[in-house]
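Hi everyone, thanks for coming. I'd like to walk you through a structure today, so please have a look at the screen.

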Amino acid sequence: MSKVVIFLGPAGAGKGTQAKRLAKELNMVQLSTGDMLRDHMARGTELGQQIKAIQNSGQLVSDDIVVALIRDKLSVMDDVRVIFDGFPRTVTQAQALDMLLEELSAPISSVPVLDVPEDILRLRLTKRAEIEKRADDTPQGIEKRLELYRKETSALIPYYEPRGHLYRIDGLGAPEEVYARLKAVI
Ligand code: ADP
């Protein structure tokens, strides 16, 4: 049976960590546009070369590109059991996703939002920069992503809220604590 979960929350909120665990437990596929784009960069594909400067500076890659990546992934699935992590990031992307899901008759099951204050996000992302050496985890890249979340992606909360299934989850504390809160509402 189809199931669609959309994780919302700023960079460093823990979407990837929680989405990965939930996907495993619920037998779902985690789709992270950030991971897909990094994979293209690592493989040096044409798309990877095209987006490198954009992604490294923390800017958003164009809606057309990420929507096409998601469309390709969904089109080969028999049963849509997907956790979106880092997509959609704009209202345009959310509208495109609505259309894709409608075509597939796969309604959105829940939209968890991970809430973490910005000062904590900065600390987490700075720490991650030391460990993972991600090209966009520079001070400027971090600020840009936080700003884009505030200005652009947070508009998805009022977009999804009227439909129900939007749950705000306190993202502070250890990953297991956050996971327990998530499981309690999902
Ligand atoms: P984080 O949530 O930590 O910022 P992600 O791994 O989700 O990291 O994304 C990293 C970068 O990939 C973003 O800063 C952006 O450049 C690009 N990106 C990922 N998803 C999208 C998207 N849905 N729309 C536009 N750009 C995206």
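Let's begin with a question: by class, which residues does the shell around the ligand have? There are six nonpolar residues, along with seven polar and seven charged ones. Before I go further, please keep in mind that this is a predicted model.

Now, who are the neighbours? The ligand has 20 residues around it, and those that come nearest are Thr33, Arg38, Gln55, Gln59 and Arg145. If you want to know which element gives the largest share of that shell, look at helix 2, residues 33-43, which supplies four residues.

In arginine 89, an N or O atom of the side chain is 3.1 Å from a nitrogen atom of the ligand. Arginine 128 places a polar side-chain atom 3.2 Å from a ligand oxygen. For arginine 134, the distance between a side-chain N or O atom and an oxygen atom of the ligand is 3.0 Å. And how much of the ligand does the protein bury? On its own the ligand exposes 550 Å², and 97% of that is buried by the protein. The space the ligand takes up is also the largest pocket.

Moving on to salt bridges: the structure holds 15 of them. One that I'd like to show you pairs aspartate 115 with arginine 168, with 2.9 Å from N to O. This pair links distant parts of the chain, 53 residues apart: aspartate 115 belongs to strand 4 (residues 111-115), and arginine 168 to strand 5 (residues 166-170).

Last, two spots in the backbone. As a reminder, most peptide bonds are trans, and most residues other than glycine have a negative phi. Here, phenylalanine 87 and proline 88 are joined by a cis peptide bond, with omega about -5°. You'll find proline 88 in the loop between strand 3 (81-85) and helix 5 (91-103). Then there is asparagine 27, which is not a glycine and yet has a positive phi of about 55°. Its loop runs between helix 1 (15-26) and strand 2 (29-32).

Thanks, and I'm happy to take questions!

Note on methods: Residues numbered from 1 in each chain as written. Predicted model: local features only at pLDDT ≥ 70, side-chain atom pairs only at ≥ 80, totals over all residues. Heavy atoms only, no water. Near = heavy atom within 4 Å. Polar contact = N/O pair within 3.5 Å; in protein donor to acceptor, adjacent residues only side chain to side chain. Areas by Shrake-Rupley, 256 points an atom, 1.4 Å probe, with all protein chains shown as cover. 1 Å grid on protein atoms, 1.4 Å probe; cavity = no way out; pocket = protein on both sides within 12 Å on 5 of 7 lines; lining within 4 Å. Sits in = over half its atoms within 2 Å of the grid points. Helix = DSSP H or I, 4+ residues; strand = E, 2+ residues; numbered from the N terminus. Nonpolar A, V, L, I, M, F, W, Y, C, P; charged D, E, K, R; others polar. Salt bridge = Lys/Arg side-chain N within 4 Å of Asp/Glu carboxyl O.
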